[in-house]
Amino acid sequence: MTLAQAVDARLRKGIGRGEFMAVIWPSRGQEAVAAGLTAALRPDDRLVTTYRGIHDLVSKGVPLTEVIGEILGRSIGASRGKGGTMHITAPDQGVALTTGIVGAGVPVAAGLALAFKQQGLDRVAAVTFGDGATNTGSFHEGMNLASTWQLPVVFVCQNNLWAEMTPIRDTMNIDQVVDRRLAYGMAGERVDGNDPEAMYRASAAAVERARTGGGPTFLEAVTFRFEGHYFGDQQKYLPAEELAAAREADPIPRYRQKLLDAGVLSEDDLTAIDTDATARVDAALAEVLAAPAPELTELEQDVFVDMEGIPS
């Protein structure tokens, strides 16, 4: 959580003061969802995330130079600088892809899970998306197929209560997003997405269900995004009191205090974690900024004409 926060903060700082150019969709505030989910996945499981996925990528273990490098369009990036924030793929760390289209990751994850099942593997696919994605046709098609075929997949809605600039109350006539699973006879639950331990428990149960043949699970992780839809979004549409209340439930200081109260870590321990995270991000950013831009010939690379070399 701390490392993901540090990456997000450093990118916003650099863009804001003109140090470098990039477009990001900040995940600040949603770190606990990624921390709990990815801790429940094995390295060979597959994760599909979205353009608001910096926290997912960092939590899944994608090297910082690859994450930051891709966002800044450098050759050192995960997709060698030609994908950008919306198209980060890291098969070695289990990240199948990052999607730039709302709801597009759901059927992709169902497809990955179908492949695992047909191959007789015990691997699991997980996919994260926002509350707005559950209004798309691709979401419902993916959910239906996953349930019908009892695929080993975990659907994780990171419900930050806003679909771009529209509040969730204006886009759906249900009290809880998790209720959408009922139409497909799918297991699921609503989770405090600001509590990493609750997220881990729910994710671990869902992953175990998928891995042992119990079929898919839908998790609604209720959280919030603090920095708007994109970095630079002034959020004039967002009531100030709603943002203030959300910041009161910020998962990072809240969990920090929990660890202190429980005597798990001391203030010095937590400061050391913060310092280490900042140093790792600064070192990665320096390496990225020293790396060259992609060669023009990179445009013709990774255009597959057959299956040779495509990661399994």
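Arg80 counts as partly exposed because its relative accessibility is 35%; buried means under 20% relative accessible area, exposed over 50%, and partly exposed in between, with a 1.4 Å probe and protein chains only. The model is predicted: local features need pLDDT of at least 70, side-chain atom pairs count only at pLDDT 80 or more, and totals for chains, interfaces and linings use all residues. Residues are numbered from 1 along each chain as its sequence is written, and side-chain values use heavy atoms, with hydrogens and water left out.

Arg80 belongs to the loop between α4 and β2 (95-99); helices (H or I, at least four residues) and strands (E, at least two) are DSSP runs numbered from the N terminus. The phi of Arg80 is near 55 degrees, a positive value in a residue other than glycine. Leu161, in the loop between β4 and β5 (162-163), likewise has a positive phi, near 75 degrees. With 25% relative accessibility, Leu161 counts as partly exposed. As background, most residues other than glycine have a negative phi.

## Asn160 in the β4–β5 loop

Asn160 is also placed in the loop between β4 and β5. At 5% relative accessibility, Asn160 counts as buried. Leaving out residues up to four places away in sequence, Asn160 touches Gln30, Arg52, Asp131, Thr223, Phe224 and Arg225, where contact means heavy atoms within 4.5 Å.

## Helix α7

Helix α7 comprises 16 residues (196-211), which at 1.5 Å a residue should span 22 Å; the end C-alpha atoms are 22 Å apart, in agreement with that figure. The expected span is 1.5 Å times one less than the number of residues. At the N-terminal end, Asp195 caps α7 through a side-chain oxygen that lies 3.0 Å from the backbone nitrogen of Glu197. Just after α7, Gly213 takes a positive phi of about 90 degrees.

The buried residues of α7 are Pro196, Ala198, Met199, Ala202, Ser203, Ala206, Val207, Ala210 and Arg211. Their packing partners are α2 (31-40), β4 (153-159), β7 (187-192), β8 (217-222) and α9 (251-261). In general, an α-helix has 3.6 residues a turn, so residues three or four places apart point the same way.

## Packing of α4 on α10

The axes of helix α4 (residues 64-71) and helix α10 (residues 267-290) come within 9 Å and cross at roughly 55 degrees. Axes here are lines fitted to C-alpha atoms over the stretch in contact, and angles run from 0 to 180 degrees between N-to-C directions.

The contact involves Leu64, Thr65, Ile68 and Gly69 of α4, together with Arg280, Val281, Ala284, Leu285, Glu287 and Val288 of α10.

## Tyr230 and Phe231

Tyr230 is found in the loop between β8 and α8 (240-248), and Phe231 is placed in that loop as well. Tyr230 is partly exposed, with a relative accessible area of 33%, and Phe231 is partly exposed at 28%.

Leaving aside neighbours within four places in sequence, Tyr230 is in contact with Ile24, Trp25, Pro26 and Met165. The C-alpha atoms of Phe231 and Gln30, 201 residues apart along the chain, are separated by 15 Å.

Methods. Polar contact = N/O pair within 3.5 Å; in protein donor to acceptor, adjacent residues only side chain to side chain.
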